[in-house]
Amino acid sequence: MVDGNLITPFGPPVWVGKMDMSVIDEVNEQIESRRYSKEHKIGSNLLAGRVHSQISIVDVMSDTTKNHILDHAVTWAQGTGMEIVNEQLQIDNLWVNLQKEFEYNPIHAHDGLFSFVFYTKNTILRDTAIDNEFDSNINTESKPLAGHIDLHYGENNFMNWTSMSHYPEKGDILIFPSWLNHSVYPFHDPKGERISVAGNIHYK
């Protein structure tokens, strides 16, 4: 059994769940073992992110971690009415973003069936992140952006909400259809760091 909720902020459903902390600890160990490895660094020409430090950990990810991610994905998919089980799926690619101040991901989408992102570290509380010269002065009709991930869908119009904004905390996992556009906004904290792990799920 996994912890999370299937939500429908717009057309495509989104899964917002919590990873098991033992899995998060394991993944963090793998990340730290490769943080400064040039061999496993992903070139900026291969990913959309404007993030200096991006590494791959797909080859060291344990079956326990992969199955835990798939448990979330299958629970979400079955909740939408899909007849699907873990054994039909596989995780392709796992890349880590070690995000620092002012780094970001522009609007982009992935390939595959489903995409996911989970967070193994975030040193910045939301109230701290949005306490900056931009977000602290916005009007009531706008929303703070710093440090958030946004999912984008549809056209902007009256009573048509076209984005879902989420401020990630350690252990959060989001799953959504791979074609769904999304972006990650920078934060303003010279000492802050946020670590996310993203990947795609395909049919075998």
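Partly exposed means a relative accessible area between the buried limit of 20% and the exposed limit of 50%. The views below come from a predicted model.

**View 1. Asn93, a residue of strand 4.** Asn93 is partly exposed, because its relative accessible area is 41%. Its phi is near 75 degrees, which is a positive value in a residue other than glycine.

**View 2. Phe102, in the loop between strand 4 and strand 5 (105–108).** Phi of Phe102 is near 75 degrees, again positive although the residue is not glycine. Phe102 counts as exposed because its relative accessibility is 51%, and exposed means over 50%.

**View 3. The largest nonpolar core, with 30 residues.** Ile31 and Phe118 have the most contacts inside this core. Two or more residues each come from helix 1 (21–34), helix 2 (63–79), strand 4 (89–99), strand 6 (114–122), strand 9 (172–177) and strand 11 (194–203). Helix 2 gives the most, with six residues.

**View 4. Ile31 and its contacts beyond four places in sequence.** Once the neighbours within four places in sequence are left aside, Ile31 is in contact with Ile55, Ile57, Val96, Leu98, Thr120, Ile195 and Val197.

Terms used
Residues are numbered from 1 along each chain as its sequence is written. This is a predicted model: local features need pLDDT of at least 70, side-chain atom pairs count only at pLDDT 80 or more; totals for chains, interfaces and linings use all residues. Side-chain values use heavy atoms; hydrogens and water are left out. A nonpolar core is a set of buried Ala, Val, Leu, Ile, Met, Phe, Trp, Tyr and Cys residues joined through side-chain atoms within 4.5 Å. Buried means under 20% relative accessible area, exposed over 50%, partly exposed in between (1.4 Å probe, protein chains only). Helices (H or I, at least four residues) and strands (E, at least two) are DSSP runs, numbered from the N terminus. Contact means heavy atoms within 4.5 Å.
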